[in-house]
Amino acid sequence: MGPRELGLPMPVASPEPGQLPGEVTIWEVGARDGLQNEKEIVPLEVKLEFLRRLADAGLVVLEATSFVHPKWVPQLADAAELLDGLDQAPGARYPVLVPNARGLDRALEAKVRDIAIFAAASETFAQRNLNSGLDEQFGMFEPVVTRAVSEGIAVRGYLSMCFGDPWEGPVAIEQVVAAGKRLLDMGCHQLSLGDTIGVATPGHVESLLRAFVAAGVGVDRLAVHFHDTYGQALSNTLTALRHGVSTVDSSAGGLGGCPYAKSATGNLATEDLIWMLEGLGIQHGVDLGKLVETSVWMAEQLGRPSPSRVVKALGS
Ligand code: HMG
Ligand code: MG
């Protein structure tokens with residue numbers, strides 16, 4: 001029995017800045033975050049082929065879709081059909097987004113074992129993305145997490161707008177830490193810190209991570225989710241790695257954005273992340289060649305080139 005089960009304070013892992021993890025888990029969000037914002041709805045067969053190719057390239061955490069309201073995100077309205085048609089790769093995980101009790105019912109019907117709830121760190125984004133208030137959203141999530149955990153389902157907590165909000169501007173670090181702690185205290189095994197509109201810079205990332213550690217949250221429970229709007233996603237990721245974070249969200253080919261945050265452009269591209277990890281000698285388990293081929297193929301399906309620098313460099 002560990003300290004958590006005994007109700008004791010958890011030891012806080014906080015490596016000195018400058019150390020790097022030996023291995024990074026890539027949380028691939030291409031099929032969900034990547035496709036939720038597409039103007040044209042991507043056919044189910046293309047989504048399934050995309051996920052098959054991503055797994056074949058060696059990715060083992062593949063966020064597959066969302067059980068959100070189909071009118072809010074029609075691009076992912078085929079969530080149940082997708083899971084039904086998905087040939088899951090051995091050893092891979094296929095988490096899905098779930099906002100509320102109805103979403104959890106649908107996910108359970110589809111035999112999902114891994115979900116992510118997604119809270120906002122700002123009032124306006126809670127309203128726009130969840131039709132809820134900053135405080136009110138936790139009332140929606142709490143029963144979802146309690147029920148999911150009691151059924152043995154792993155629950156990740158996302159927190160959006162951790163570094164800035166397009167309507168409110170800067171978001172106070174204390175507000176972000178308070179919201180993030182509420183998600184962890186509810187029973188989320190991990191908290192992913194989202195820079196939904198890509199405004200973060202490395203100093204801000206450092207301050208936020210330090211604030212979480214000072215509040216008793218170990219970096220081993222944190223993941224980072226950067227968007228590359230201002231070209232800072234890789235620098236921000238390196239900063240997080242130097243602070244001991246070892247789970248990084250990224251999207252194959254840099255696909256993505258959020259339909260309820262206008263200035264959210266593409267996610268950090270998985271290929272760009274891998275290039276950096278390779279250079280740093282950090283294990284990641286992905287075949288970069290196969291992944292680039294997948295993103296080139298996906299770009300053909302979507303009818304526009306990938307914004308990833310590495311896909312551009314290697315994919316001709
Ligand atoms: P609402 O309209 O307030 O829902 O939406 P409601 O609870 O009032 O229910 C209204 C009706 O919708 C009811 O049906 C419900 O059953 C139904 P009726 O009784 O009227 O016939 N309903 C549902 N149907 C299917 N699935 C459901 C569901 N829920 C209710 N899950 C809600 C509230 C939260 C559902 C809505 O706001 C929503 O779906 N929001 C999701 C928005 C979204 O997916 N955004 C993108 C993901 S977040 C993101 O991208 C950021 C991230 O990447 C991190 C980062 O970048 O920072 C994670
Ligand atoms: Mg995102």
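Does Phe163 count as buried or exposed, and at what relative accessibility? At 5% relative accessibility, Phe163 counts as buried. The views below are of a predicted model.

**View 1. Aromatic pair of Phe125 and Trp167.** The model holds 2 aromatic pairs. In this one, the rings of Phe125 and Trp167 are stacked, with 6.3 Å centre to centre and 20° between the planes. The pair counts as stacked because its planes are under 30 degrees apart. Phe125 belongs to helix H5 (residues 123-130), while Trp167 lies in the loop between strand S6 (154-160) and helix H7 (173-186). The two residues are 42 residues apart, and the pair links distant parts of the chain. Phe125 is buried, at 1% relative accessibility, whereas Trp167 is partly exposed, at 33%.

**View 2. Aromatic pair of Phe163 and Phe226.** Here the rings are tilted: the centres are 6.1 Å apart and the angle between the planes is 45°. Phe163 is in the loop between S6 and H7, and Phe226 is in strand S8 (residues 222-226). Phe163 is buried at 5% relative accessibility, and Phe226 is buried with a relative accessible area of 1%.

**View 3. Arg156 over the face of Trp27.** Arg156 lies 3.6 Å from the ring centre of Trp27.

**View 4. Arg156 over the ring of Tyr158.** The charged end of Arg156 is placed 5.0 Å from the centre of the Tyr158 ring.

Methods. Residues are numbered from 1 along each chain as its sequence is written. Chains are lettered from A and ligands numbered from 1 in the order in which they are written. This is a predicted model: local features need pLDDT of at least 70, side-chain atom pairs count only at pLDDT 80 or more; totals for chains, interfaces and linings use all residues. Side-chain values use heavy atoms; hydrogens and water are left out. Rings of Phe, Tyr and Trp (its six-membered ring) pair if their centres lie within 6.5 Å; planes under 30 degrees apart count as stacked, over 60 as edge-to-face and the rest as tilted. Helices (H or I, at least four residues) and strands (E, at least two) are DSSP runs, numbered from the N terminus. Buried means under 20% relative accessible area, exposed over 50%, partly exposed in between (1.4 Å probe, protein chains only). A charge sits over a ring if NZ of Lys or CZ of Arg is within 6 Å of the ring centre and within 35 degrees of the ring normal.
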